[in-house]
Amino acid sequence: MKIAILGGGISGTALARMLAADGHRVTVLEAAARPGGLCRSRKYGEFTFDEAGGHILFSKDKKALDWQLDRCGGEAGTMRVERNTKIRWHDRWVPYPFENGVGHLTQDAIVACMKGYIDAHVERRLGVPCPPNFRDWIHWRMGAGFAEHFMVPYNEKIWKCDLATMASGWVAGRVPEAPIDDVLRSALGQATQGYTHQSIFWFPKHGGFESMVRGTVEQGGFDLQCGVRVKSVRKDGAKFSVDGESFDLVVNTVPLPQIEGAIEGIPAEIRADIRAMVPISLINVMIGVKLDEPMPPLSWIYLPFADQGPTNRVTYYSNYSPNNAPAGHGSFLAEVTYRGKLVPDAAWMEHVLKGLARAGILRREQVVLAEWCDNTFAYIDQNLEFAARVGRVRSWFDQSGYITFGRFGRYEYHNSDQCVARAMEVHAHIREIAASGAPARPAFR
Ligand SMILES: Cc1cc2nc3c(=O)[nH]c(=O)nc-3n(C[C@H](O)[C@H](O)[C@H](O)COP(=O)(O)OP(=O)(O)OC[C@H]3O[C@@H](n4cnc5c(N)ncnc54)[C@H](O)[C@@H]3O)c2cc1C
């Protein structure tokens with residue numbers, strides 16, 4: 001078949017590679033000057049940075065992880081890193097997840113956290129149901145102490161809203177429940193590990209996270225056209241037309257609000273749903289420092305408090321690969337989320353750097369480079385209307401003959417490994433279509 005894939009992020013390029021291997025004629029149309037989307041990296045002198053905050057290779061899905069590692073040259077092309085993540089809790093470094101680090105808090109905070117945790121545990125045992133909003137969910141799952149000392153301030157900082165306006169459904173599976181024995185042990189100062197699926201991760205030795213996408217494109221067997229912002233997509237009998245060219249099948253991976261205007265035939269109420277799915281955006285501040293001692297052996301840290309500046313997470317990026325920074329230097333990525341509009345100026349950058357200095361992460365005079373990158377589509381706004389809205393949008397697309405997937409192409413809160421796993425599912429689905437030869441197509445879900 002002749003297939004058009006809209007968007008050249010990891011979702012689009014991974015699928016293109018899989019389909020090309022089956023002998024299909026595949027064209028990927030990407031608006032930016034090079035592929036990669038949220039997985040892109042960039043260079044400043046000898047510094048390499050990821051554009052959309054710290055990215056790591058890890059997965060619960062071995063097939064997807066192996067596929068990604070292969071694209072990076074396997075073990076030889078990647079660094080294998082032991083995760084070491086902490087929360088900067090006032091003047092303390094608390095191991096992450098927070099429940100497993102509770103013994104590192106002040107005595108008053110430990111008592112508040114443990115009392116709340118036990119109260120919540122008992123209430124759940126007595127049958128108090130899972131609340132529909134995220135703020136109440138935090139109290140229900142973790143109790144008042146953990147809510148006050150980390151979960152609420154951190155989540156308000158990243159999501160930029162009253163947590164009562166967010167749904168709780170999306171958290172299931174993303175925030176694993178720590179066994180109460182572990183939390184009690186942690187409170188007594190014993191080391192407990194918390195969830196282990198990220199305890200080891202991988203990172204490309206050279207070129208940042210984008211190397212994984214480059215390895216997908218290289219010898220991928222498909223036609224990649226960059227600098228092409230798709231303007232018109234429509235059905236043409238049993239075929240499709242994209243910017244006037246005819247295709248047997250169209251697969252979208254572009255964020256839906258960025259492509260909806262180009263696709264003919266979407267009903268007005270579905271368009272309204274798509275337009276209402278406004279993303280949470282991210283300014284990623286890329287920082288190079290001159291080192292007078294080695295970087296602390298950290299992977300990333302969380303900054304829950306306002307006096308630490310607007311940053312919610314800092315990646316110790318030069319620890320991922322020594323090639324990310326020149327000799328004698330280190331690098332950080334500081335992530336700042338926003339809703340609506342944020343245009344960083346010199347004063348704002350200074351505010352970020354001073355916050356990091358106050359949090360004890362760097363000294364202002366070490367900084368030799370500070371740049372920023374804006375990512376409009378970073379996080380999905382999990383508000384109370386989202387599930388119904390996205391349900392309607394997906395069901396329209398699934399019966400339309402178009403296939404849509406990807407982090408914002410289907411609004412699934414996926415990391416890149418899950419995008420690859422979904423590409424494998426779409427690939428299997430298209431194999432069925434190709435094998436049947438029938439113009440009537442089963443729906444992709
Ligand atoms: C802060 C942050 C941290 C993350 N950390 C990790 C991590 O540690 N590990 C991990 O695996 N994943 C991580 N992720 C998730 C990962 O970045 C995404 O899941 C993945 O990159 C999404 O790929 P995609 O192809 O679905 O979408 P995108 O990367 O958004 O690709 C969509 C593409 O469509 C293009 N486009 C837009 N409009 C048009 C148009 N009109 N015509 C043609 N093309 C168009 C865009 O330029 C873009 O290239 C993180 C994400 C964020 C925001």
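## Ligand site and domains

In this predicted model, domain 1 (2-35 + 210-277 + 383-436) and domain 3 (280-379) each supply at least three residues to the shell around the ligand. The domain assignment of the protein chain also gives domain 2 (98-187).

The ligand is surrounded by 35 residues. Ser11, Glu30, His55, His414 and Ser416 are the closest of these. By residue class, the shell consists of 17 nonpolar, 13 polar and five charged residues.

| Residue (backbone N or O atom) | Ligand atom | Distance |
|---|---|---|
| Ala31 | nitrogen | 3.1 Å |
| Leu38 | oxygen | 2.8 Å |
| Ile56 | oxygen | 2.8 Å |

On its own, the ligand has 1000 Å² of accessible area, and the protein covers 94% of this. Two or more residues of the shell come from each of the elements α1 (10-21), β2 (25-30), α8 (256-259), β18 (367-379) and α12 (416-436). Among these elements, α12 gives the largest share of the shell, with three residues.

The next point is how domain 2 and domain 3 are placed against each other. Their C-alpha centres are 27 Å apart. Contacts between the two involve nine residues of domain 2 and 14 residues of domain 3. Interface size is often expressed as the accessible area that is lost when the parts come together. For domain 2 and domain 3, the buried area is about 1000 Å². Carbon and sulfur atoms account for 62% of that buried area.

Two backbone features remain. As a rule, most peptide bonds are trans, and most residues other than glycine have a negative phi. Which form does the peptide bond from Tyr96 to Pro97 take, cis or trans? The bond is cis, with omega near 0°. Pro97 sits in the loop that runs between β7 (92-95) and α4 (107-125). Lys160 has a positive phi, near 55°, although Lys160 is not glycine. The loop that holds Lys160 lies between α5 (134-159) and α6 (180-187).

Methods. Residues numbered from 1 in each chain as written. Predicted model: local features only at pLDDT ≥ 70, side-chain atom pairs only at ≥ 80, totals over all residues. Heavy atoms only, no water. Near = heavy atom within 4 Å. Polar contact = N/O pair within 3.5 Å; in protein donor to acceptor, adjacent residues only side chain to side chain. Areas by Shrake-Rupley, 256 points an atom, 1.4 Å probe, with all protein chains shown as cover. Helix = DSSP H or I, 4+ residues; strand = E, 2+ residues; numbered from the N terminus. Nonpolar A, V, L, I, M, F, W, Y, C, P; charged D, E, K, R; others polar. Domains from an automatic or database assignment. Contact = heavy atoms within 4.5 Å. Buried area = accessible area lost by both parts, 1.4 Å probe.
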